[in-house]
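Here are my notes on the model you sent over.

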Amino acid sequence: FGASDRWWEQTDLTKLLLSSNHISQISEDIRLLPALVTLDLHDNQLNTLHSAIGELQELQTLRLSHNQLSSLPVEVCMLRNLRSLTLQQNLLENLPEEFGQLENLTELDLSKNRLTDLPQSLGRLTGLQKISLSHNKLSCLPDCLSQLTNVKLLDCSNNQLSDVPASLAHMLSLEQLHLRHNRLQRLPQLHAPALKELYVGNNQVGVLEAEQLECLKAISVLELRDNKIRAIPEQMSLLHTLTRLDLTNNDIGSLPASLSLLPNLKVLLVEGNPLRGIRRDLLTKGTNELLKYLRGRVKGDSEDPPTAMTFPSQARINVHSIKTLGVLDYSDMQADSIPEEAFLAAEGQNVVTANFSKNKLTSIPARNNQLKDLPADMENLAKLRCIILSYNRFKSFPEVLYQMFSMETVLMANNQVSGVDPARLARLEHLSTLDLSNNDLLSIPPELGLCTSLRSLSLQGNPFRTPRAAIVAKGTDAVLEYLRSRIPA
């Protein structure tokens with residue numbers, strides 16, 4: 001164009017990118033750009049939108065995230081060609097009922113707002129493929145979501161959901177469902193035929209029911225970490241498409257051997273559970289070794305039981321010798337590892353001799369230690385997240401652990417710990433699992449209730465009188481709530 005030409009009168013502007021400025025309002029002159037296809041206003045200081053924005057009938061992408069919008073003008077709902085609308089991190093408390101007029105939307109991001117409910121007209125957005133509702137204040141999901149049959153990803157994490165409507169099963173294309181950090185007490189029972197990934201971590205799920213698992217016909221990733229699950233039903237072994245199962249930080253005491261029969265399982269995470277009968281060193285070796293151990297249990301279960309004519313000395317583990325002579329004998333077996341049942345048989349017995357000669361061991365079997373303290377240099381392990389100190393001789397909570405702010409899991413069951421400092425524990429902002437069961441705690445300081453990051457607190461088997469056993473049996477939330485109520489005003 002020549003110097004005298006005004007270029008904006010010579011060509012239609014189709015993209016206007018104004019992100020990351022200090023814009024507080026948009027002039028009504030925005031209507032003078034009717035050919036706009038993309039309008040990017042994210043990361044500004046907008047608190048209102050002029051109604052003139054509704055005249056941009058060619059608009060397909062509207063980015064308004066990271067602003068200060070508390071409401072949307074109804075004129076936004078007149079943008080019939082709009083395909084992508086991002087409203088992340090604003091101050092929205094509701095949406096206009098006319099929202100359902102945006103029938104060509106394929107992507108909608110409403111995360112990090114203040115929404116308490118959703119308009120029923122949302123069900124008319126049948127072209128949606130991705131919708132994010134995370135970090136709002138939703139206590140329930142409307143049944144109208146079931147009409148969104150093209151949605152592949154639905155993110156409802158970090159809300160206040162206590163249930164998920166069974167009608168979501170009609171979302172026939174749903175592949176990923178995110179429900180982390182809600183108030184769910186049970187796994188949603190969804191017959192969603194395409195569901196491949198289900199994330200239910202950081203909820204209050206206590207029981208897995210067979211009916212809930214049987215619905216997950218195509219599941220590949222199942223995340224159940226940081227809940228209150230006590231047992232894994234055998235029906236879990238029916239999830240043949242499962243590749244990743246995360247059970248971290250629950251209350252699971254044992255794993256069904258049938259898990260090892262899942263043909264595609266590549267990752268099995270079980271740290272932070274009070275598992276019995278599985279050595280801790282085995283858990284640290286990873287999924288393959290754990291599944292190998294479980295497969296061994298399957299084979300053991302299939303073997304014929306010993307007949308009445310089998311003498312104790314002829315059994316695989318000579319229990320009689322352990323109990324009467326204090327001798328654990330597993331010699332001349334040509335084994336490359338000592339089976340777990342040998343240690344289980346010796347548990348609680350006064351074993352004075354262990355004979356593992358004439359085998360193929362490459363390392364000494366790891367069992368309990370006699371640690372009384374930890375070195376101060378451990379503070380330098382800045383990325384350490386989990387430490388297992390159970391079955392040692394600690395009389396106090398290790399001083400260095402109060403300085404390890406990355407710590408997420410501390411297991412100190414079966415020691416002699418007589419007290420903890422709740423104020424210093426509260427500084428461990430990532431600590432979600434603390435096991436102090438079977439120690440010498442004579443009292444539980446009320447201030448421990450201020451450790452709000454705790455999802456699993458185990459205190460059973462200590463000599464304290466309060467909280468009462470009935471409260472402890474109700475679980476972590478009940479204990480923390482009780483302790484908070486005892487803090488002096």
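1. Start with P467, which sits in the loop between strand 18 (456-458) and helix 7 (469-472). This is a predicted model, and in it the peptide bond joining T466 and P467 is cis, with omega at about 0°. Most peptide bonds are trans, so have a look at this one.

2. As a rule, most residues other than glycine have a negative phi. H66 isn't a glycine, yet its phi is positive, about 60°. You'll find H66 in the loop between strand 3 (61-63) and strand 4 (84-86), and it is partly exposed, with a relative accessible area of 31%. Y391 also has a positive phi, near 60°. Y391 belongs to the loop between strand 15 (386-388) and strand 16 (409-411), and at a relative accessible area of 38% it is partly exposed.

3. Now for confidence. The mean pLDDT of the chain is 87, and 91% of the residues reach 70 or more. The stretch to watch is residues 300-315, where pLDDT stays under 50. For that stretch the model has 5 contacts beyond four places in sequence.

4. Where does N273 lie? Look in the loop between strand 12 (267-269) and helix 2 (280-283). N273 has a relative accessible area of 3%, and because anything under 20% is called buried, that label applies here. Beyond its neighbours within four places in sequence, N273 is in contact with L247, T248, N249, N250, D251, I252 and R280. Its side chain reaches the backbone oxygen of L247 at 2.8 Å and the backbone nitrogen of D251 at 3.3 Å. As for F405, which is 132 residues away along the chain, its C-alpha atom is separated from that of N273 by 21 Å.

5. How many salt bridges does the structure hold? The count is 11. One of them pairs the side chains of D40 and R63, at 3.4 Å from N to O. D40 is in strand 2 (residues 38-40) and R63 in strand 3, so this pair ties together parts that are 23 residues apart in sequence. D40 is buried at 7% relative accessible area, whereas R63 is partly exposed at 33%.

6. Another salt bridge joins the side chains of E209 and R186, with 3.6 Å between N and O. This pair links distant parts of the chain, 23 residues apart: E209 is in the loop between strand 9 (197-199) and helix 1 (210-214), and R186 in the loop between strand 8 (176-178) and strand 9. E209 is partly exposed at 31% relative accessibility, and R186 is partly exposed at 35%.

7. R424 and E399 also meet through their side chains in a salt bridge, at 2.7 Å from N to O. R424 is in helix 6 (residues 422-425) and E399 in the loop between strand 15 and strand 16, so the pair ties together parts 25 residues apart in sequence. E399 is partly exposed, with a relative accessible area of 46%. Salt bridges that share partners also join E28, R31 and E55 into one network.

8. Last, the aromatics: the count comes to 1 aromatic pair. The ring centres of F397 and Y402 are 4.9 Å apart and the planes are at 45°, so the pair is tilted. F397 counts as buried at 4% relative accessibility, and Y402 counts as buried at 4% too.

Conventions
Residues are numbered from 1 along each chain as its sequence is written. This is a predicted model: local features need pLDDT of at least 70, side-chain atom pairs count only at pLDDT 80 or more; totals for chains, interfaces and linings use all residues. Side-chain values use heavy atoms; hydrogens and water are left out. Rings of Phe, Tyr and Trp (its six-membered ring) pair if their centres lie within 6.5 Å; planes under 30 degrees apart count as stacked, over 60 as edge-to-face and the rest as tilted. Buried means under 20% relative accessible area, exposed over 50%, partly exposed in between (1.4 Å probe, protein chains only). pLDDT is the predictor's confidence in each residue, from 0 to 100. Contact means heavy atoms within 4.5 Å. Helices (H or I, at least four residues) and strands (E, at least two) are DSSP runs, numbered from the N terminus. A polar contact is a pair of N or O atoms within 3.5 Å; within protein, one must be able to donate a hydrogen and the other to accept it, and residues adjacent in sequence count only if both atoms are side-chain atoms. A salt bridge is a side-chain nitrogen of Lys or Arg within 4 Å of a carboxyl oxygen of Asp or Glu.
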